[in-house]
Amino acid sequence: MLENQMNSAGQKECILSNSLFATDIPVWYQKSGKVSPLWLSICEKERTQTTNLLEKVADPINLQNAYKQVRRNGGSSGIDKISIAEFGKWFKDNYKILSAEILSGDYQPTLVKGVKIAKPKGGYRQLGIPTIKDRVIQQAIKEVLQPIYDTKFSEQSFGFRPKRSAHQALKRASEIVKRGKTIVVDLDLAKFFDEVNHQRLMWLLKTRIGDIRLLKLIHKILKTGILEEGVTSQRIKGTPQGSPLSPLLSNIVLDELDQELNRRGLEYVRYADDVKIFVKSKISAERVYQSIVNFIENKMKLKVNRDKSKIQACYKVNFLGYSLLYKGKLGLSKSSEDRLKDKIREVTKRNRGVSLEQLIHELEAKLRGWLNYFILAEMKSKLQKIEGWIRRKLKCYRLKQCKRVISIVRFLSKLEVEKKLSWKTALSGKGWWRLSNSPALNIGMNNQWFKELGLYSLTDNYERHYRII
């Protein structure tokens, strides 16, 4: 009997531990805005259970697993220019020394290599590339912290989490729209990864983690300076993208927003720093917008880009490259279509000097990957137009390779185009783009001809896969 009671108590404790901060536990803040006493007591309980995390981080097996993950992820070297392969040789003989260095507190992160990547819509994204050694240690920390935090994150959060994907986020958004919540509060957090408040982040970590040594290690990593174009700048805020730990830290920061949205009973979907809140009316949306922006800026110490944040009908929203149509359907956004065409233009530049077969082979990888991501969209008619446009680009490319009039005639004749029509086409004087839609080209370089060359068909593969979904 006593044993059964102990087992029952143990099960209850396990359930409580696994459901900390989940929707069935009161969230962080009360309606008054004060911190919930129950939340504080749960945090205290967790701190007593997490006093020896550094030993788990520094465990040789954990370090080896972290190295394997960094190796799988690939990427360039940091400022020390040591490649993953070179570090692997050193790590094989020195992982125990690295473990001891972490436990003793002697480990010091190296400066991060700063890189700026242009955004499609203008501006840039700041990346920070740590050395391989630093990436391995950050990954080792993530290996320990991710299981602790992930089970307590909101069900509406999908970015940078194991067994969660952009497709799941889109399906959730689709379900909400289907229920009639078609007005969207679209929040844009201004340069989120660059603006994370270090003091606020460390407070969030301290509420849950009882191992002061691990907290000091994370604080060292946060404060590591960035070296860019020979200039070193000290970091006083932000967690630049490019490090293994940054995605988890971002979710820890934004979980505070999730919990507040849960407390208010709002329906939303969050993928990383992309937050969409769904309501039924514009009046509700305006009220939610004002109060949530106030919470983000005053409580969380983050910035909202008011120029890009909007209240709009769902069909105007671009969420993860998709458009959210009425009745919960998903469509392809105009910007995603434009980006695909830009990639195709890059591959099909007429001065590249590679064979058409090679061009088609290169296109397959891009088209296959693109379609795999956008397979949820209802876009059959759009794909037919895109495919027609791709074939015209390829026709232009192949015609230009002919260069001379006689070469065009010979090429079209091989495709069994009537000789008179071949000469008429070659002597027309029209530009390559106009010629690509001429009768001779449509006869000779028809859809079957492209199929035999191995051109990846967006429409055929879309129809085949879409039936399965």
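Predicted model: local features only at pLDDT ≥ 70, side-chain atom pairs only at ≥ 80, totals over all residues.
Biologist: What makes S3 and strand S8 (residues 310-313) a pair?

Modeller: They share 4 bridges, also antiparallel, and the definition asks for at least two. In S8, Lys310 is the bridge partner of Asp186.

Biologist: Why is S3 (residues 183-188) called largely enclosed?

Modeller: Buried means under 20% relative accessible area, exposed over 50% and partly exposed in between, with a 1.4 Å probe and protein chains only. In S3, 5 of the 6 residues are buried, so the rest of the structure largely encloses this strand.

Biologist: How do you know that the span of H7 (residues 166-178) is close to the expected one?

Modeller: The expected span is 1.5 Å times one less than the number of residues. H7 has 13 residues and reaches 18 Å from first to last C-alpha, against 18 Å expected.

Biologist: Which residues of H7 are buried, and why are they said to lie on the same side?

Modeller: They are Ala166, Ala169, Leu170, Ala173, Ser174, Ile176 and Val177. Their arc, taken from the directions from the helix axis to the C-beta atoms, is only 160°, which puts them on the same side of H7.

Modeller: Residues are numbered from 1 along each chain as its sequence is written, and side-chain values use heavy atoms, without hydrogens and water. Local features need pLDDT of at least 70, side-chain atom pairs count only at pLDDT 80 or more, and totals for chains, interfaces and linings use all residues.

Definitions and conventions:
Helix = DSSP H or I, 4+ residues; strand = E, 2+ residues; numbered from the N terminus.
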